[in-house]
Amino acid sequence: PPGTVFSLLTKRPGSSGINAEYGEAAAGEPEAAEPEAAAPAPEAAEPAKTEEAPATQGEADVDASVSQDLSADKDTSDEIKLSDSDAVLMDSIQTNLSNLESPPPTTRKEDEGLDSMLVTVTKDDGNSETLRVTIKQELIKKPFVGGWRHKESGKEFHNCSVQTLPKRYFVGDTPKNCRETQTVVSRHVRSQTTSDTSTQMTKTGCWVSDRQDKVIIPGKYVTADEKFGYMLRQVIVLQSYFRRWKAQKYVNSIRQDHIRRIEWEKKEEERKRKEKERRLKEEYQRRMQPLSKEDFDLVYHALELWRREEIENINATKSGPERKAALAGLMDEETQLIASIQRHKLIAKKDNGKKAKRQFLEKCAAPKEWIGFDGMPTKMDTPYTMRAKDLKMTYDSLEKRYLTREERLDILLQLKLTVKEHDCKLTKDIVELIDREADLLMRGSKEANLEGLRQRISTLFLQYIKTPLFNAEAANLLKVPEDPSSLRKDIYFCRGCGNYLPSTDFELTTNARSIGRCRKCKNLDSEGRLREDFSRYRSLLQSIRGTEEAFNDNSRIIFLLTEADLRYLAENIWGAQSVLSQWEDTYDLTLVRWNRRLEWSPWNCVLLTNEEARAHSKLVKPEEAYGPVFTQKIKYRHILGKQYFASMPKLADYMSKNLTSVNMPLPSNAEKIMYGGKKKENVVLPALTETK
């Protein structure tokens, strides 16, 4: 049929013969055929039907591809020359074509030098068509892929190979071997076979040549003890060299450790030196420009040290009227220095007030922020925060200086419209002051004359911002409660200033038995008489609290101590120096747990340097590590601390009861820590009054 491709049967090289059928005969009846063996024997073929033909030069591959043009005006005898891409490769065969129904094809040479032959094809409608098939010579051997034999006629039909060229394998320069060929399996077996030997010597009737004989002279006889002694000496030599190598390696490691130790000590000394320089520089900066209460405490402490040093010099060098005159002059100098410190204090108070106002306004105008489900921070502005932001912008514009008259009037007009939203005494006062300043501006008053008026307007507007009725965000930041009746609770009398103040204005120590004086009276007494500086103990207390938080075992006693308590513990009980190295620099000392399994307390701590504390924290049983003498010394200090801070366990227990009421967990060993393993007593602390 048109468009079909004819697959010609191929002969297996070496077979006796082959029968080929063209067209429909080659198709055969597949249901009446049975598969033939892939390599049939030459005796199984029919020799009567085949005859050996002379082999052509080489093995030819025939490109057989037949196509038909369906147009009627084309002549059926037209020669169709197929392209090489549409050709079917076929081996050249030796066959006998005498039994074919059509005459055998004849070959002839084309212009291109290729062979061709005419093939007659019968169509479905009975018509026949003669086609010319080009033969393409290919020196390729195709494999025999089996075939079929017709049961009735006995004819054989061989399967042709594929029409495409076989895949070519390129062998590169790199040698490639499989794993089995690279692995050598060998086995060594020792065996000793018997060997029969014989000797022949010259005797009567037999002469043996002695030209190749060798004369062997026996050496010194070596006994077994001598042999083992020689081996022992050689082993000792090997051991000596090995031990020398090992000793050299050990010495080199010690040398490297020593070098690293020296480098580490140098780095530590440099770090300590820089840390000390930084601390001294900060202290100097704090003394020259004091801003906070701690800075002024440091200045007053330095003033007290200077005063004591001057008094010692006067007492040592002068006497009589000269001494009195020198002391009077020293008092005058001290008075002038105190006045200078007070002036700095007023300036710092003013600056701190401005910073506090700024922080208050920024906190009110800050948007609400939280961490979302994706871990990213989320910010949101509420109507209250937007209101606070508008008030902040108005206050900032009101605080600006060096504005023109028109700009100042615009700001006052905006402020007036803002406060007129509420009608109260405060807003009326602000509106009245705004009108007064606007009238003075229109009359051309000077800026210096309006400074006090503008300050009053700013103060009243800040009070307006702090009122929760006008700014809802201010209610979350005000320390004074909205309900005045709550201020009547927990009121105590101060014996210093004679005022009744809330309990938050009083500072209590761990061994206090009465309320005493308020914070303001204590600060005034410290500036005029004691002039103590707790800055170093404040930093020490913060470091101890940070260390105890890392233990995460609900340690509580350290959070009840104040700077004064820690100062007494370090100076009066531990002597303000390390118990191991007697180091006296307070900035390098710390109080760590004596037994790390128990909670920190004044009777479970030891004063050491930072390096000693890191080494001590690795000890499981410090009593065994330090020895009995040192341990008795530490226990004596613990007894002194427990006597001075006797009320500390009761206070911690009282606070733990309050924490239990709000469902906060307590440490499991709290009773053992606070009461030394004894049964806990029911302790009820009375209310702190003036008599108790």
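Buried means under 20% relative accessible area, exposed means over 50%, and partly exposed lies in between, with a 1.4 Å probe and protein chains only. Met231 is partly exposed because its relative accessible area is 40%.

The model is predicted: local features need pLDDT of at least 70, side-chain atom pairs count only at pLDDT 80 or more, and totals for chains, interfaces and linings use all residues. Residues are numbered from 1 along each chain as its sequence is written, and side-chain values use heavy atoms, with hydrogens and water left out.

Start with the whole chain. It holds 17 helices and 13 strands. These are DSSP runs numbered from the N terminus: H or I with at least four residues for helices, E with at least two for strands. Of the 692 residues in the chain, 28% are buried. The chain exposes about 49,500 Å², and carbon and sulfur atoms supply 54% of that. Accessible areas come from the Shrake-Rupley method with a 1.4 Å probe; for residues, only the protein chains shown count as cover. Contact means heavy atoms within 4.5 Å. Take the contacts between residues at least 6 apart in sequence: 61% join residues at least 24 apart.

Back to Met231. This residue lies in helix α3, residues 224-288. Together with Phe228 and Tyr230, Met231 makes a nonpolar surface patch of about 350 Å². Patch residues have over 30% relative accessible area and no salt bridge; like charges are joined within 9 Å, and nonpolar side chains (Val, Leu, Ile, Met, Phe, Trp, Tyr) within 5 Å. A salt bridge is a side-chain nitrogen of Lys or Arg within 4 Å of a carboxyl oxygen of Asp or Glu.

Next comes helix α6, residues 383-398. Its 16 residues should span 22 Å at 1.5 Å a residue, and its end C-alpha atoms are 23 Å apart, which agrees. The expected span is 1.5 Å times one less than the number of residues. Buried residues in α6 include Thr385, Leu391, Tyr395 and Leu398. Their cover includes α5 (321-365), β8 (368-371), α7 (405-419) and α9 (451-466).

Now turn to α9. Its buried residues include Arg454, Ile457, Phe461 and Tyr464. Among the elements covering the buried residues of α9 are α5, α6, α7 and α8 (425-442).

Finish at His638, in helix α15, residues 628-644. His638 is buried because its relative accessible area is 9%. Leaving aside neighbours within four places in sequence, His638 contacts Trp574, Trp594, Pro602, Trp603, Asn604 and Cys605.
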